[in-house]
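Hi,

Here is the structure I said I would pass on.

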Amino acid sequence: MPSAIGAHVAPAPHSAQAALPTVEEVSAGGVVVDTSDGELRVAIIARLNRGGRLEWCLPKGHPEGKENNEEAAVREIAEETGIEGNVLAPLGSIDYWFTVSGHRVHKTVHHFLLRATGGELTIENDPDQEAIDAAWVPLQELARKLSFPNERRIADLAREVLPEHL
């Protein structure tokens, strides 16, 4: 709605982003915890953002075919980290917006808590080659290592929920 300034009416601000087409995207991933030795370590990955900055994040990706979100999370975590896991509990969803290639993207990511069941930490099986590194991080330090506040909240929730599943 325009705002009145004296006798003149200022036009409503025009947003170039509002004119861009919007695409909805869904991904799934989460927190895969190694509970085998009592240290409670989590596998995370590093990616380079569009500006070339290193960002540590939870593994995630798009469902393929008729996969549900849990199945996609298990597969994506295995592809991006090399770690196989079983879903223990849902951790909730986060959503955010970004602009790329002339359109706005509204992305929703469904996160799950998984117990590691096997595999070796590696980025060699990542078909998209997005991950440039992978690391085991103690669960207590996970929130400090992750780059994004919304993923840090998921890490905190995982730490709260995990004792129910040990």
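Below is what turned up, going from the overall layout to the cores, the surface and the charged pairs.

Keep in mind that this is a predicted model. The chain has 166 residues, and 37% of them count as buried. It contains 4 helices and 9 strands, in the order β-β-α-β-β-β-β-α-β-β-β-α-α along the sequence. Among contacts with a separation of 6 or more, 68% link residues 24 or more positions apart. The accessible surface is about 9300 Å², with 51% of that belonging to carbon and sulfur atoms.

Now the inside. The largest nonpolar core is made of 23 residues, and V31, V42, I44, L91, L113 and L142 have the most contacts inside it. At least two residues each come from β3 (22-34), β4 (41-48), β7 (83-100), β8 (103-119), β9 (133-138), α3 (142-145) and α4 (149-161). The largest share, 4 residues, is supplied by α4.

On the surface, L48, L54 and I132 make up a nonpolar patch with about 260 Å² of accessible area together. L54 belongs to strand β5 (residues 54-57) and is partly exposed, at 40% relative accessible area.

Then the charges. Side chains of opposite charge can pair when their charged atoms come close, and the count here is 12 salt bridges. Which residue does D34 pair with in a salt bridge? The partner is R41, and the closest N and O atoms are 2.7 Å apart. D34 has a relative accessible area of 10%, so it counts as buried, while R41 is partly exposed at 21%. R41 also forms a salt bridge with D37, at 4.0 Å from N to O; D37 is partly exposed, with 41% relative accessible area.

Elsewhere, E55 and R53 meet through their side chains in a salt bridge of 3.3 Å, N to O. E55 counts as buried, with 12% relative accessibility.

Cheers

Definitions and conventions: Residues are numbered from 1 along each chain as its sequence is written. This is a predicted model: local features need pLDDT of at least 70, side-chain atom pairs count only at pLDDT 80 or more; totals for chains, interfaces and linings use all residues. Side-chain values use heavy atoms; hydrogens and water are left out. A nonpolar core is a set of buried Ala, Val, Leu, Ile, Met, Phe, Trp, Tyr and Cys residues joined through side-chain atoms within 4.5 Å. Buried means under 20% relative accessible area, exposed over 50%, partly exposed in between (1.4 Å probe, protein chains only). Patches are made of residues with over 30% relative accessible area and no salt bridge: like charges are joined within 9 Å, nonpolar side chains (Val, Leu, Ile, Met, Phe, Trp, Tyr) within 5 Å. Accessible areas come from the Shrake-Rupley method with a 1.4 Å probe; for residues, only the protein chains shown count as cover. Contact means heavy atoms within 4.5 Å.
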